[in-house]
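Here is a short note to read beside the model. Keep the 3D view open and work through the points in order.

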Amino acid sequence: MMRYEGNEELADKSACAGVRADLKMCLLQSDCCKKEKKTPRECLNRTDGSVPSECFVLRNTFFECKRSMVSGRDLDNRQRFRGRKGY
């Protein structure tokens, strides 16, 4: 989880907001967005090394977090014991 200076809080209070914000910042700080002026969505589809592997790890974490929130909670009974994924 990225550390923010001061008492900054996210406006989005959803369960996966922290992971989403970290993924966004990771992509925006990558060479793909900075040097090549691509959008974060375009950068997620790149495999040329211009996006750090940390961003892809965050993408997986975000996916797992969103999957654990699926309205059909019967699909993932582990959530009852382990709680939502993400932070």
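Is C43 buried or exposed, and what is its relative accessible area? C43 is buried, because its relative accessible area is 0%. Buried means under 20% relative accessible area, exposed means over 50%, and partly exposed lies in between (1.4 Å probe, protein chains only).

1. **What you are looking at.** This is a predicted model, in which local features need pLDDT of at least 70, side-chain atom pairs count only at pLDDT 80 or more, and totals for chains, interfaces and linings use all residues. Residues are numbered from 1 along each chain as its sequence is written, and side-chain values use heavy atoms, with hydrogens and water left out.

2. **Overall build.** The protein has 5 helices and 0 strands. From the N terminus on, the order of elements is α-α-α-α-α. Helices (H or I, at least four residues) and strands (E, at least two) are DSSP runs, numbered from the N terminus.

3. **Surface and interior.** The protein has 87 residues, and 26% of them are buried. Its accessible surface is about 6600 Å², with 51% belonging to carbon and sulfur atoms. Accessible areas come from the Shrake-Rupley method with a 1.4 Å probe; for residues, only the protein chains shown count as cover.

4. **Contacts along the chain.** Take the contacts in the protein with a separation of 6 or more: 38% of them are between residues 24 or more positions apart. Contact means heavy atoms within 4.5 Å.

5. **Disulfides.** A disulfide is a covalent bond between the sulfur atoms of two cysteines. Here the test is a pair of cysteine sulfur atoms within 2.5 Å. A search of the whole structure finds 3 disulfides. Number the bonded cysteines in sequence order and the pairing reads 1-6, 2-5, 3-4.

6. **C16 and C65.** These two cysteines are joined by a disulfide, S to S 1.9 Å. The link of C16 and C65 is left-handed, with -95° about the S-S bond. This pair links distant parts of the chain, 49 residues apart: C16 is in the segment before helix 1 (17–28), and C65 is in helix 4 (residues 53–68). Both C16 and C65 are buried.

7. **C26 and C55.** The sulfur atoms of C26 and C55 are 1.9 Å apart and form a disulfide. The link of C26 and C55 is also left-handed, at -95° about the S-S bond. C26 and C55 are both buried.

8. **C32 and C43.** Here the sulfur atoms are 2.1 Å apart, and C32 and C43 form a disulfide. The link of C32 and C43 is left-handed, with -95° about the S-S bond. The pair links distant parts of the chain, with C32 in helix 2 (residues 31–34) and C43 in helix 3 (residues 40–44), 11 residues apart. C32 counts as buried because its relative accessibility is 0%.

9. C33 has 11% relative accessibility, so it counts as buried.

10. **Salt bridges.** A salt bridge is a side-chain nitrogen of Lys or Arg within 4 Å of a carboxyl oxygen of Asp or Glu. By this rule there are 4 salt bridges. One of them joins the side chains of D31 and K35 (4.0 Å, N to O). D31 is partly exposed, because its relative accessibility is 38%. K35 is exposed, because its value is 65%.

11. **A network.** E36 and R46 meet in a salt bridge between their side chains (2.7 Å, N to O). E36 is in the loop between helix 2 and helix 3, and R46 is in the loop between helix 3 and helix 4, so look for parts of the chain 10 residues apart. E36, R46 and D48 are linked in a network of salt bridges.12. **Within helix 4.** R67 forms a salt bridge with E64, with the closest N and O atoms 2.9 Å apart. R67 and E64 are 3 residues apart in helix 4, so about one helical turn separates them. R67 is partly exposed, because its relative accessibility is 38%. E64 is partly exposed too, because its relative accessibility is 25%.
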